[in-house]
Amino acid sequence: MRIRTVVALSILGACALTGGGFAIQHVHDRIVAQQEAPAADASVETVTRAYLRAAERHDCALTSLLTTSNTFSWCGAAPDALSDGWPDLRSFRDLRAPEHVSAEVGGRSQECVASTIDQRWMTGAEPGELQWNWCWVHTSSGWRLWDQGQG
């Protein structure tokens, strides 16, 4: 075999192993997230706390699992030259009792939990404390984040 062929095959092999490693890690993270996720019958307060704790520790698999496609999940990635990053939840406090929002008002029947968060990297907001609402819909898998924001 020619040296170039050996080098090319070696590079391809290394890329395949690296890509396979990322795929295996992703599957592993999803399995762990499913094991750590609150039970389907958990209260909205329990799910909110689990979500916020996962966001604080940058557990992207769990925050993604608990978020619908209707909104973004908190993962915390610093801005760089190619992207604005993702909001980073540094801490939370003052979780309030859930308030019901009817389907007529919110598009779907929701339970919203107000809180105070300390964040950075959120587009359009200065780093620091914000009043933030977490609005959840109930699915067969349990409560999932449907909407969020100020107000």
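The structure is a predicted model, and a search of the whole of it finds five salt bridges. Three of these salt bridges are described below, including two that involve Arg 57.

**Arg 57 and its partners**

- The side chain of Arg 57 meets that of Glu 36 in a salt bridge, with a distance of 3.6 Å from N to O; this pair links distant parts of the chain, since Glu 36 belongs to helix α1 (residues 3-36) and Arg 57 lies in the loop between α2 (44-56) and α3 (60-65), 21 residues apart.
- Arg 57 also meets Asp 59 in a salt bridge between their side chains, here at 3.4 Å from N to O.

- Asp 59, by contrast, counts as buried because its relative accessible area of 15% falls under the 20% cut-off.

**The pair Arg 93 and Asp 94**

- Arg 93 and Asp 94 form a salt bridge in which the closest N and O atoms are 2.4 Å apart.
- Both residues are partly exposed, with a relative accessibility of 39% for Arg 93 and a relative accessible area of 40% for Asp 94.

**Network**

- Through salt bridges that share partners, Glu 36, Arg 57 and Asp 59 are joined into one network.

Notes:
Residues are numbered from 1 along each chain as its sequence is written. This is a predicted model: local features need pLDDT of at least 70, side-chain atom pairs count only at pLDDT 80 or more; totals for chains, interfaces and linings use all residues. Side-chain values use heavy atoms; hydrogens and water are left out. A salt bridge is a side-chain nitrogen of Lys or Arg within 4 Å of a carboxyl oxygen of Asp or Glu. Helices (H or I, at least four residues) and strands (E, at least two) are DSSP runs, numbered from the N terminus. Buried means under 20% relative accessible area, exposed over 50%, partly exposed in between (1.4 Å probe, protein chains only).
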